[in-house]
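Here is a note for a colleague who is opening this structure for the first time. Please read the numbered points with the model on screen.

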Amino acid sequence: KTASCRVHRQQAISEIDPRIYGSFIEHMGRAVYTGIYEPEHGTADDQGFREDVLQAISDLNVPIVRYPGGNFVSGYDWKDGIGPKEQRPTRLDYAWFSIETNQFGINEFADWAKKAGTSGMIAVNLGTGTPQEAGYLLEYCNIAQGTTWSDLRREHGYEQPHNFKTWCLGNEMDGPWQTCAMSAEDYGKKARETAKILKWVDPSIELVACGSSSRDMPTFPEWDRIVLEACYDEVDYISLHRYYEYEGSQTDFLASFYDLNEFITTVKATADYVRAVKRSDKVMMLSLDEWNVWYRQNMDCKRWEWAPSIAEDEYTLLDALVVGGLLTTIVNNADRVKMACLAQLVNALAPIHTAPNGAVLKHTTYYPFQQVSNFARGVAYRSQLTCEQVTTKNLGSVPALTALTTFDDSTGELAHFVLNTHQDDSVDYQLNLESFGRLQLIDHQVLAGDDPFAGNTFEHPDNICPTQKPIDVQPGEQFAFELPAASWTLLRF
Ligand code: AHR
């Protein structure tokens, strides 16, 4: 097979907001306890944070982490997680039917985030929680001193405010599974009234309203329209959540990038419709604050365990290719998608897996995320692909390739990523970059293999990871590469 791609310097999509490479830590399964926080572990620092996990996260280069949920947040009282640890209550977590000991709360998160080199996207509880309690949390976190809640933070040993700048108004409030789910009308009003309080407390913050929790929701996209009509002026982002899993057709699964693009396109259109209705100058930005491959059939929430093994998916090469494809879609929409969170980061549906009291394992999906978050910086450019289409069951005819191109002025580096979804055919690939001048290839990595269902294990941790290819092309403006069947390629110039 053959394919070509032309990228033109005058076809910039947008500057990439680094928060597009965010991730997510929820109090879910072993994400927190025995994931990022395990005081008994050999690598734990004086606060109980696992340093081996911190290292794996800092290599991923994740600029923002959503916390503390997720479904968990809709039944969570943030006040349970502050103050002396021995006085914190043990609660039932309604979201995952787990025991929550509250040994890790908002202050521990702030400390951990600093050590991980990241920032926080904090979700407030709009299920059982009230707008007032959300306001108190923000006051506790961001007000310097002189009020009940800010002075309590200081009493707890945090003289300086945490200054979290990004806040989510609840989580998936359209989902029947959510603690205190509600109608779009009720949520829109609650989100608006909470937003007013939060922006009064700290006008420098940005707010994310809950959009539909999936493209498959029967209420999509009406939910998004109604919510935005209620709080368009008060919020800065509408959220999207989307998960994919292999259901028997590799062709369909590999085409997930196309489905995600359709979802984003519809949410943009819905937001722009509301903008027109409102006669507003403001363009609503998108926060894809949960996305990933997730095998929901693996979910088994037994009542009531502490740090249970929930959603510990063991990702395959196929899953990693899908994650690569999804990343191309996300960054190719950088003009509207300003934040995105790979859900999640450690143990629960995550690229990083820990053995309690043991080692850290990088699943296959770690690698495409690491490559894109490290190298796709600066400005995203339109990648004009000419390639064959493949026929899918659920999405019709879909391009067999998807690509992403970025150029970073600060380093002078151009990065190009391409997913070949042809399962049996390699592709002779012509890449035309002439409008960027003469370029020297400096890095060529390929993720591919004979067995799409192979993965990494503690015994064979490097079974599936990118292979470095020799740099055997001359500097130039046009390049030719062979893309192996079912492969993900990174090229840096
Ligand atoms: O990321 C796992 C869960 O998926 C989150 O808690 C929830 O928001 C979504 O349904």
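Throughout this note, contact means heavy atoms within 4.5 Å. This is a predicted model, where local features need pLDDT of at least 70 and side-chain atom pairs count only at pLDDT 80 or more, while totals for chains, interfaces and linings use all residues. Residues are numbered from 1 along each chain as its sequence is written, and side-chain values use heavy atoms, with hydrogens and water left out.

1. Two domains. The protein chain splits into domain 1 (2–9 + 382–492) and domain 2 (17–377). These bounds come from an automatic or database domain assignment. Taken over C-alpha atoms, the centres of the two domains are 30 Å apart. Domain 1 gives 45 residues to the contact, and domain 2 gives 39 residues.

2. Area between the domains. The size of an interface is often given as the accessible area lost when the parts come together. Buried area here is the accessible area (1.4 Å probe) that two parts lose on being put together, summed over both. For domain 1 and domain 2 it is about 3,400 Å², with 70% of it on carbon and sulfur atoms. On the side of domain 1, L395, F458 and W488 lose the most area to domain 2. Together they account for 19% of what that side buries.

3. A salt bridge needs a side-chain nitrogen of Lys or Arg within 4 Å of a carboxyl oxygen of Asp or Glu. Polar contacts do cross the interface: twelve residue pairs, both residues at pLDDT 80 or more. A polar contact is a pair of N or O atoms within 3.5 Å; within protein, one must be able to donate a hydrogen and the other to accept it, and residues adjacent in sequence count only if both atoms are side-chain atoms.

4. What domain 1 presents. Elements giving two or more residues to the side of domain 1 that touches domain 2 include strand 16 (389–392), strand 17 (396–399) and strand 24 (487–492). Strand 18 supplies the largest share of that side, seven residues. Helices (H or I, at least four residues) and strands (E, at least two) are DSSP runs, numbered from the N terminus. By type, the residues of this side are 24 nonpolar, 14 polar and seven charged. Ala, Val, Leu, Ile, Met, Phe, Trp, Tyr, Cys and Pro count as nonpolar, Asp, Glu, Lys and Arg as charged, and the others, Gly among them, as polar.

5. S287. This serine sits in strand 10 (residues 285–293). Is S287 buried or exposed? S287 counts as buried because its relative accessibility is 0%. Buried means under 20% relative accessible area, exposed over 50%, and partly exposed in between (1.4 Å probe, protein chains only). Not counting residues up to four places away in sequence, S287 touches M121, V208, Y237, I238, S239, L240 and M339.

6. Helix 6. The buried residues of helix 6 (residues 222–231) are W223, D224, I226, V227, L228 and C231. They pack against helix 5 (184–201), strand 8 (206–209), strand 9 (237–244) and helix 8 (256–278).

7. Salt bridges. Side chains of opposite charge can pair when their charged atoms come close. The structure holds 26 salt bridges. One of them joins K199 and D236, with the closest N and O atoms 2.8 Å apart. K199 is in helix 5, and D236 is in the loop between helix 6 and strand 9, 37 residues apart. K199 is partly exposed, at 25% relative accessibility. Another salt bridge pairs D272 with R336 at 2.9 Å between the closest N and O atoms. D272 lies in helix 8 and R336 in the loop between helix 9 (317–332) and strand 12 (337–342), so this pair ties together parts 64 residues apart in sequence. D272 is partly exposed at 31%, whereas R336 is buried at 8%. A network of salt bridges links R215, D216, R242 and D259.

8. S373. Helix 10 (residues 366–375) holds S373. S373 counts as buried because its relative accessibility is 0%. Leaving aside neighbours within four places in sequence, S373 is in contact with Y21, L60 and N61. The S373 side chain reaches the backbone oxygen of N61 at 3.4 Å.
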